[in-house]
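Thank you all for making the time this morning. I would like to walk through one model with you, going from the whole chain down to a few single residues.

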Amino acid sequence: MCGIVGIVGNVENRLDIAKKMLKRLSHRGPDGDGVKEYEDVVLGMNRLAIIDNTPHPMPFEYENFSIVYNGEIFNHNEICNNRSFQTNSDIERVLFGYIEKKEKLFKNLNVEKNIRFSFYHQNLFLFRTRDKSTGQFAENTNRKCKFNL
């Protein structure tokens, strides 16, 4: 199970803090890690490769969209069938699905019991399921916060 962390807002030493938070979760992702600082958020991820062992950067990015992600999407091959992908990973397909469909994407995902996403595109968007049918959403409202999903 991957580990994801983030810090929102103008927090002193936030990049270093996020790296320390991620290090504490290193047991959750031996297949790669990464932390990136954006204008108003830091995102980090420890990766546990299940579907695709292809190395890719974390957070995973496309243009000005970024994602860190924990979980497995069983029907990831059904997301955005009209485009080509760099990897076979579900994280890439989920990012493109979010770019195209926003929150509507989550209604059609076949996911494991607990899944967590953090997308960043000008605002931070968090999504977490507690079971297969419900999700929690949160958006950055210019407040400071740290998260570990």
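I will begin with the overall layout and then turn to a helix, a cavity, a loop and some backbone details.

Before that, a word on the basis: this is a predicted model, in which local features need pLDDT of at least 70 and side-chain atom pairs count only at pLDDT 80 or more, while totals for chains, interfaces and linings use all residues. Residues are numbered from 1 along each chain as its sequence is written, and side-chain values use heavy atoms, with hydrogens and water left out.

The protein chain holds two helices and nine strands, where helices (H or I, at least four residues) and strands (E, at least two) are DSSP runs numbered from the N terminus. Following the sequence, the pattern reads β-α-β-β-β-β-α-β-β-β-β. Of its 149 residues, 50% count as buried, and by that I mean under 20% relative accessible area, with exposed meaning over 50% and partly exposed in between, using a 1.4 Å probe and protein chains only. The accessible surface of the protein chain comes to about 8100 Å², and 44% of it belongs to carbon and sulfur atoms; these areas come from the Shrake-Rupley method with a 1.4 Å probe, and for residues only the protein chains shown count as cover. Among contacts in the protein chain with a separation of 6 or more, 51% come from residues 24 or more positions apart, a contact being heavy atoms within 4.5 Å.

Which residues of helix 1 are buried? They are Arg14, Ala18, Met21 and Leu22. Seen down the axis of helix 1, these buried residues fall within an arc of 95°, so they line one face of the helix; the arc is that of the directions from the helix axis to the C-beta atoms. On the other side of helix 1, Lys20, Lys23 and Arg24 are exposed.

A search of the whole structure finds one cavity of 30 Å³ or more, and the volume of the largest cavity is about 150 Å³. A cavity here is a set of points, on a 1 Å grid over the protein atoms alone, where a 1.4 Å probe fits but cannot get out, and lining residues have an atom within 4 Å of a point. Grid points are joined across faces, edges and corners, and the volume is the space filled by probe spheres set on the points. There are 15 lining residues, of which Arg47, Leu48, Tyr69, Gly71 and Asp90 lie nearest the centre.

Asp31 and Leu48 are 17 residues apart in sequence, yet 5.3 Å apart in space, C-alpha to C-alpha. Leaving aside neighbours within four places in sequence, Asp31 is in contact with Arg47, Leu48 and Ala49. At 40% relative accessibility, Asp31 counts as partly exposed.

Finally, the backbone. Most residues other than glycine have a negative phi, and most peptide bonds are trans. Asn13, in the loop between strand 1 (3–8) and helix 1 (14–24), has a positive phi of about 60°, and with 48% relative accessibility it counts as partly exposed. Glu63, in the loop between strand 4 and strand 5 (65–70), has a positive phi of about 50° and is exposed, with a relative accessible area of 65%. The peptide bond from Met58 to Pro59 is cis, with omega near -5°, and Pro59 lies in the loop between strand 3 (41–46) and strand 4 (60–62).

Technical notes:
On a 1 Å grid over the protein atoms alone, a cavity is a set of points where a 1.4 Å probe fits but cannot get out, and a pocket is an open set with protein on both sides within 12 Å along at least five of seven lines; lining residues have an atom within 4 Å of a point.
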